[in-house]
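Reader: I should like to learn how to read the features of a protein model. May we go through them together, beginning with the structure itself?

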Amino acid sequence: SLLDCVSVPAILKELRSGHKQKAESWLANFINSIQKHGHMIVIVFPGRQLPPIPFGENMSMKNFSTDKPFSFKTDIMQGFVTVLSAMGIPYMVAPYEQCAQLKYLSEIKLIDYVMTDNSDAIGYMCEKILMDYDLNSDDGEAILYDRNKFLILNDVTAPAPLLKVLRKFGLKSLPLYCALQGCEYVQVKGF
């Protein structure tokens, strides 16, 4: 099976602290911990930033520019690419949003799972999402969100507000529900 990984908070924490080598080491350990369970990995980096939708407080976009493409020329990205290349891990840069690219890769059956801590993957309706992966667990514990099982009613899922909305309006209402909760493109106060 092919597994895809995106935003990893531990890497970001190390980078913000200025520990590039620790971040690279963490990335290698993360990849090894997934591979030991027999999974293949593809890493997707973010591309250009999409402009926010002018709405409410976000009506002015005069300082926002999408002219500058994502670049691997920074030391950090070069370090990551070096680690990935040395480990034989394929990677790509999404044209824009990572989760949109992951959704596409899932739809064309290039990947079986999206592994992320970015809840946007739910809004993009990726079919199978692994979240909260425990790097230190022996059996590779993670939470699986299976889109095909979102609407199953049982004691655990019955009270969930999101699932109540989805049962009432259908799974296709999920992206709208997520956008109304607020996201990086539409700044709205949740309801």
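Reader: Is Lys-103 buried or exposed?

Author: Buried means under 20% relative accessible area, exposed over 50%, and partly exposed in between, with a 1.4 Å probe and protein chains only. Lys-103 has a relative accessibility of 16%, so it counts as buried. Please note that this is a predicted model, in which local features need pLDDT of at least 70 and side-chain atom pairs count only at pLDDT 80 or more, while totals for chains, interfaces and linings use all residues. Residues are numbered from 1 along each chain as its sequence is written, and side-chain values use heavy atoms, with hydrogens and water left out.

Reader: How many salt bridges does the structure hold?

Author: Side chains of opposite charge can pair when their charged atoms come close. A salt bridge is a side-chain nitrogen of Lys or Arg within 4 Å of a carboxyl oxygen of Asp or Glu. The structure holds two of them. One joins Lys-103 to Glu-107, with the closest N and O atoms 3.1 Å apart. These two residues are four apart in helix α4 (residues 98-107), which means that about one helical turn separates them. Helices (H or I, at least four residues) and strands (E, at least two) are DSSP runs, numbered from the N terminus.

Reader: Which side chain meets that of Lys-109 in a salt bridge?

Author: The partner is Glu-127, at 3.9 Å from N to O. Lys-109 lies in the loop between α4 and β4 (113-115), and Glu-127 in the loop between α5 (120-123) and β5, so the pair ties together parts that are 18 residues apart in sequence. Lys-109 is exposed at 61% relative accessibility, whereas Glu-127 is partly exposed at 21%.

Reader: What is the phi of Lys-109?

Author: Phi of Lys-109 is near 65 degrees, a positive value in a residue other than glycine. Met-125, also not a glycine, has a positive phi of about 60 degrees. Met-125 lies in the loop between α5 and β5 and is buried, with a relative accessible area of 14%.

Reader: How many residues does helix α2 have, and what should they span?

Author: The expected span of a helix is 1.5 Å times one less than its number of residues. Helix α2 (residues 20-35) has 16 residues, which should span 22 Å; its end C-alpha atoms are 23 Å apart, which agrees. The buried residues of α2 include Trp-26, Leu-27 and Phe-30.
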